Amino acid sequence: MSYATPPGWYPDTGAPGLERWWDGTAWTAHTRPLAAAPQAPPPPAGFGPPSAPLPHRRGPHDGPTGGNRTRILAVTLSGALVLGAAVTGVILLGRDDDDGTTAAPTTTTSAQAPATSPAPAATSGGAPAPDADPAVLVDQLNGITLPVPEGWERPETNSARVPTIRTEQSYDCPGGSSFCYHGTISTHTAAGGDTPEEIAEADIATAADLAYEEDGIGRRLHGGIRTHKVLEARETAVAGRTGYLVRWQVTTGRGPGGYVQSLAFPSSVGSGAPVIVRFAFDAGVPDLPLSLMDTITRGIRPVGDSATSGGVGASVGP
């Protein structure tokens, strides 16, 4: 005659050194160290040892009956133990033994979103930046744009670090030691003066010196200025405002000399601080008639002028 295995502590073949409680029908989640257990009395006659956990290693939770119930109980217990270990790990990792501060816990995700390229920058309204048009020179500081004539370019950098356009082709300077451009135009914020006339009259000598006397680093690219002659000094309309221009012809120590012009007018942005536009054209260049100075002056517009897109651009010919 055979009998069911009675409840009791029995060696756990799935966890050496532990005993697990058999409730008479299934294994439970309760365990204890094998060494701490008192010597169990031999089973009564007619009773055999628990047969469920010994024949296999699937786990000590698969009793003779009720295996699914005990498996669920064991999984639940394991999940609780893992959660407790994770919380303990976060606390220990977040501790700073030096200054007593606690680092913020780090979270991870099972999947990482694919990286995307940054969207290109755009101005308000989604329109591209006005400076993207190669036919227009934009001076954001002074709030104006200038048309870029055909055969001219906007250099990415220049020694003066001001908005500048110049003829594309360069040549060896008459004074040597560098190369020059037949035509240059640059924009500046006026340093002082009460009226456009006063500003232009004071600036023309500076414009001439920088173009034909000495450049910004002290080189005399044209052998210096010998004489000059005033060609024009008059009021003119610029971007809808009253401005003033002064134009000189200069004779240089080397080369054919040239023409310089200082154009002063109030800005259309901010407080209306005066703006200066400096022109320098080499003499004797067919593509640089003095009328081109007047054409570019008429093409100056406020930034954002929708009627002309801020300038007439490449439609300005030599």
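Of the 318 residues of the protein chain, 35% count as buried in this predicted model. The secondary structure comprises three helices and 15 strands. Among contacts with a sequence separation of 6 or more, 51% are made by residues 24 or more positions apart.

Side chains of opposite charge can pair when their charged atoms come close. In the protein chain, ten salt bridges were counted. One of them joins the side chains of Arg-32 and Glu-19, with an N to O distance of 3.0 Å. This pair links distant parts of the chain, as Arg-32 belongs to strand β3 (residues 27–33) and Glu-19 to strand β2 (residues 18–22), 13 residues apart. The two partners fall into separate classes of accessibility: Arg-32 is partly exposed, at 23% relative accessibility, whereas Glu-19 is buried, at 8%. The assignment of Glu-19 follows from the cut-off, because buried means under 20% relative accessible area.

Asp-215 is buried, with 15% relative accessibility, while Arg-219, at 30%, is partly exposed. Salt bridges also form a network, in which Glu-232, Arg-234, Arg-247 and Asp-294 are linked.

Negative charge also gathers on the surface, where Asp-194, Glu-197, Glu-198, Glu-201 and Glu-235 make up a patch. Helix α2 (residues 196–213) provides the largest share of this patch, with three residues. Glu-197, a member of the patch, is located in helix α2. Its relative accessibility is 41%, so Glu-197 counts as partly exposed.

Two loop residues were examined individually. His-222 is placed in the loop between α2 and β11 (225–238). With a relative accessible area of 5%, His-222 is buried. When residues up to four places away in sequence are left out, the contacts of His-222 are Tyr-171, Pro-174, Gly-175, Cys-180, Ala-211, Tyr-212, Thr-252, Gly-253, Arg-254 and Asp-282. Ala-239 lies in the loop between β11 and β12 (241–252). Although Ala-239 is not a glycine, its phi is positive, at about 50°. The relative accessible area of Ala-239 is 26%, and the residue is therefore partly exposed.

Definitions and conventions. Residues numbered from 1 in each chain as written. Predicted model: local features only at pLDDT ≥ 70, side-chain atom pairs only at ≥ 80, totals over all residues. Heavy atoms only, no water. Patch = residues over 30% accessible without salt bridge, like charges linked within 9 Å, V, L, I, M, F, W, Y side chains within 5 Å. Areas by Shrake-Rupley, 256 points an atom, 1.4 Å probe, with all protein chains shown as cover. Salt bridge = Lys/Arg side-chain N within 4 Å of Asp/Glu carboxyl O. Lys, Arg positive; Asp, Glu negative; His and termini not counted. Charge placed at Lys NZ, Arg CZ, Asp CG, Glu CD. Helix = DSSP H or I, 4+ residues; strand = E, 2+ residues; numbered from the N terminus. Buried < 20%, exposed > 50% of the residue type's maximum accessible area, 1.4 Å probe, protein only. Contact = heavy atoms within 4.5 Å.
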